Every structure is written in C-alpha cells, then in structure tokens.
Amino acid sequence: MSSPLADWSESPAWLAPIPTSDDREFWVGARNGELRIQRCGACGLHQHYARMLCSHCGADEIAFVVASGLGTIYSFTVIRKNGVPPFRERVPFVVASVQLDEPGARVLAAMPTTAIESVAIGARVRAQFRPVGDEFAFVDFALDSA
Amino acid sequence: MSDRTLSRKAAIAGIGQTEFSKDSGRSELQLACEAVLAAITDAGLTPSDVDGLVTFTMDTSEEMEVARNVGMTEVSMFSRVHYGGGAAAGTVLQAAMAVATGVADAVVCYRAFNERSGNRFGNMTGRITTLPPWLSWYAPYGLMTPASWVALHAHRYMERYGVTNADFAPIAIVDRTNAATNPGAWFYERPITFEEHQQSRWIIEPVLRLLDCCQESDGGVAVLVTSTERARDLPNPPAVIAAASQGATFDSEMMTSYYRDDLTGLPEMGVVAKRVWSQSGLTPSDISTAFLYDHFTPFVLMQLEELGFCGRGEAKDWATVERLSLGGELPINTSGGLLGEAYIHGMNGITECVRQIRGTSCNQLANVEHALVTSGTGVPTSGLILSTL
C-alpha cells in the first residue's frame, strides 16, 4: 500500500539556507535548475558540499561544474516520526545518500515525491529542485524513470 | 615503550554517581555536584584536594559553579571535551594528561543531565532559530534525530555484509540480561528474549527496532583521576589508565559524516583502537571485559570490527549471546550498558569498568585484569583501557 505524498513546497524561514561564499553557487544553481558541484582541476574528481580545497587530493584548483543530476542510491532511511513542523506533517518520507555519476561526489537529500515502498539501495535517481525563498532552491531526488 | 607514554601514569581512584531515573526532580547542577562529591569521597579525599575539573562541552554545569558548590578552593586545570557522548573517555584522557605532567594532582571528570525529563536530544521543537553549520546540510531534509542519523550508516553496513536486524539482538539481550541483576539499572529485573527483540516496533525499518535504541535517562556520574603513585595509598584499588585516546578522521562529523567514502565502518574508533593497543601493549585477547558504547546496537557490531575483536563484516557471526555474556569470551556492558542501566552519555561505562577492576561490580567477573571502555560512536570519539595495579 502506497502512502500519500505530502506537499513540500513551503518551508519555514529557519530551514532556509544561509549561503557562504563557498557554497552560494550551489544554492543559486539549484534555483536555476542545475545541480552545481565542485570539480578538482588537479585530480579530476568531484565533491559536494562545497569546500575550499579538494577533499580527494587537497589541491585548491576547484571550480563549480554543472552535474548531470543523475546518480545511484548509496544508502537511505525512511523518516516515520519527526515532531518538528513542517516535517511532522510530511512523514513518512525518504532521505537518501546519492552517489552521483560524476566520480567522487555524493549528495544527501530528501526524496519527497517518491513513494517509500519503491526505494532501494542501488536504484537510479535524478535531481529535482524545490525553491526556498526568492534566491535559492533545495536539491531533492526522485527515482529516475528514464 | 617511549618515556613519553601516558600509559600507567594515572589511575581512577574514585567514582561517584547519582541514582539513574527518568525524572530526577532536581537541577543538572545539583546532579553534577552530588556525583562529583561522591567521587571525591570514594577516593578518600576532600574537595580542597581537587585541583582540576573536566566535563563535556554539552554539559550545562559550569566548572566554577561545581567548584563553588562542592567547596573546592584552588583549581589549576579545567577543560572540556567536544562531540557529545564521544567525549566520555576523552575527559579521563585530559585528566590523566594533567596529573601525569604535574599540572594537577587530582582531577574530577563529570557529566550530569536531565536528558529524559529536561532537554531531550533530537527534540528540536521550538528550540531552533538558525541551524548549526553541521546540521545545515541535513536538517532541511528532515534528518534531525540520532536514530535517523545512524540509520544511513547502518543500512549500508547491513547491505554490504548481509546483516539483518536479528543480528543486532544479541547486544540488546546481553545488555538487558546484565541490567536485570543490577539494582541500580532502570531495567532491573526486566530481561528480554530474542522474540521480544524481534517483536519490538520498528523505529527505522529495516535497521532499528525499539529495543536496539538506548533509553534516555536523568543522572550524574563522576570519576576522580590522580597519579598511580598517589592512588596506591588511597582506600580503593586503583583502576590504572593503561591507555587513553581520542579519535577522529578525515570527514568526521557529529553523527552524520555522510560525505566520507565508506559508511560501513566507524573510522574514529579505528583511530582509538590503534592508539590504545599500541599505548598499552595489549591486544584484544588480553581484555577481560569491555564497555562498548551502545546507543544503537548496529554500532556495537561495527565497534567490535574496528577494535579488532573480529574482521570486517564478521561481527554478525562473532557477536553471539554466549560470547558476550558474563563468563563468556568477552563479557560486555556488565552493568547493562546504556540500553539497560542508564544513558549517562557513556560515563557510567567507565565507572562499571572501574568496579570490575576493583572487584565490586554487582555482576563481578573473575580475574579481571584489563577493561576496555569506548565512548559515543558515529562522532569523534575516545576510548580507555583500565588495568589492575
């Protein structure tokens, strides 16, 4: 039996991102419908979340690139209880750690439009973007039907 | 062994605690002072003999409030350790370093809280206005409680090694069996069976059932650390600190660490393991009993692997009730652990191992020489080996 999916379109102000100079590109990119992650010019690997140095080799030759938004579920959990609004009204829902197709990067995010019964480790997923405030958006994931 | 070693230079000479409850009915400061005073008295000392204090960064009882209320006169060393329950053995490390170097003569480590009747962890209702940086990548997705944070690691671990929730049952069964014969334990006289474990409700399906998650408690615990030399002359047999270490690795976070390469281990505990074995010169087969921090049962299995009691992925077969019970190859959590006795952020595991070294546990084992204590996992953590004189 599939649970009805909650509406995630409204988020309270305290959940809104407060971007730093390091990660602003990610949040603005999401608002523009792009998953922007960092790529290292020295080792060629990617990373998320944004950092000052490459987490793989330590080089400082990092620049934002637009990722495909495609990936595979590395691990996940189902949140069935959460006493804090707005999540109290959203349960149950899936939170997943997604290994992106771009080597080196993983992204943790919610899967608000995906029925909890259909999620498995190894499943293919695609990024979705959910506006928050005027300038930014959250990155979510959904099962990739393509 | 280098002259620079900390090994065996300091010892735990006093232990103290309040009762463990769900509603203490008094302030956290009161609990801290009661535990601290009990530890000082147990060591045969007076408050004016104590010149150092160490607690957790999360503790609400300020060092000087404790000092004033119990009557300490001169305090020459005070320090706090970060990362929640990962701090427990770390407080003893700080104290041992202080007495080994002569910075202080007697240091009390304490932790006291009303975690059940006061501020409960994971309850963010009405308390958050802006997110701390480490939570800002997770809380917007509703990942806000310790059980949910642990679940992503444990789920991947289960998938990789073919572990099921039933494989976690021995930890809960052993803890609750030991608690059943500890009059100070919340779950005194209330052991559980395998069937009860498997019938308890899901908290995080298919990872954690109710009986895989530790309880929440009110209470305070303190230990007094002094030089091994001085401890010899005090009333109780010293629990000599054979080794103490903290542990953190690349991409360690507070409970989350989702951006490291592999979520199927506890690399912070791997650091602790390497250090405590080399510092003490001991190996896993030398350990008479262990307190393995048991906030969530899957992380006990992963700790057994990190500490070298068994290989990667082998804990599901190695961690049997028989092996981990009193009289078994590695009796764990002889007071009932956090699941069975109380959740005092791991400090009650240290006091139980001190009692095992002294020979005064309510579940006393025969011939205890070396006891291993670990602290909170999934966070930057710490560990200790306590030995007889």
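This is a predicted model: local features need pLDDT of at least 70, side-chain atom pairs count only at pLDDT 80 or more; totals for chains, interfaces and linings use all residues.

Q: Is Ser217(B) buried or exposed?
A: Ser217(B) is buried, because its relative accessible area is 2% and the cut-off for buried is under 20%.

Q: And what does Ser217(B) touch?
A: Leaving aside residues up to four places away in sequence, Ser217(B) touches Ser21(B), Lys22(B), Phe113(B), Asn114(B), Glu115(B), Arg116(B), Ala342(B), Tyr343(B) and Ile344(B).

Q: Let me jump to Glu28(B). Which helix does Glu28(B) lie in?
A: Glu28(B) belongs to helix α1 of chain B, which covers residues 28-42.

Q: What touches Glu28(B)?
A: Again without residues up to four places away in sequence, Glu28(B) touches Thr60(B), Ser61(B), Ala112(B), Phe113(B) and Asn114(B).

Q: What comes just after α9(B)?
A: Gly308(B) does, and it takes a positive phi of about 90°.

Q: Which residues other than glycine have a positive phi?
A: Asp251(B) is one of them, with a phi of about 65°. Asn333(B) is another, with phi near 45°.

Q: Where do Asp251(B) and Asn333(B) lie?
A: Asp251(B) lies in the loop between β8 (239-247) and α8 (267-280) of chain B. Asn333(B) lies in the loop of chain B between α11 (321-324) and α12 (337-340).

Q: Are Asp251(B) and Asn333(B) buried or exposed?
A: Asp251(B) is buried, with a relative accessible area of 12%. Asn333(B) also counts as buried, at 1% relative accessibility.

Q: New topic: where are the cis peptide bonds?
A: In chain A, one joins Pro85(A) and Pro86(A), with omega about 5°. Pro86(A) is in the loop between β4 (70-79) and α2 (87-90) of chain A. In chain B, one joins Glu205(B) and Pro206(B), with omega about 0°, and Pro206(B) is in the loop between β5 (202-204) and β6.

Q: Let's zoom out. How many helices and strands does chain B have?
A: Chain B has 13 helices and eleven strands. Its radius of gyration is 19 Å, close to the 21 Å that the globule rule gives for 389 residues, so chain B is as compact as a globular protein of that length. Of those 389 residues, 63% count as buried.

Q: And what about chain A?
A: Chain A has two helices and eight strands, in the order α-β-β-β-β-α-β-β-β-β along the sequence. The radius of gyration of chain A is 16 Å, close to the 15 Å from the globule rule for 146 residues, so chain A is as compact as a globular protein of that length. In chain A, 49% of the residues count as buried.

Q: Which residues have the most contacts inside the largest nonpolar core?
A: Phe141(A) and Leu372(B) do, in a core of 101 residues. Helix α4 (residues 146-161) of chain B gives the most to this core, with nine residues. There is also a second, separate core of 52 residues, including Phe56(B) and Ala342(B).

Technical notes: Residues are numbered from 1 along each chain as its sequence is written. Chains are lettered from A and ligands numbered from 1 in the order in which they are written. Side-chain values use heavy atoms; hydrogens and water are left out. Helices (H or I, at least four residues) and strands (E, at least two) are DSSP runs, numbered from the N terminus. The radius of gyration is taken over C-alpha atoms; the globule rule is 2.2 Å times the number of residues to the power 0.38. Buried means under 20% relative accessible area, exposed over 50%, partly exposed in between (1.4 Å probe, protein chains only). A nonpolar core is a set of buried Ala, Val, Leu, Ile, Met, Phe, Trp, Tyr and Cys residues joined through side-chain atoms within 4.5 Å. Contact means heavy atoms within 4.5 Å.
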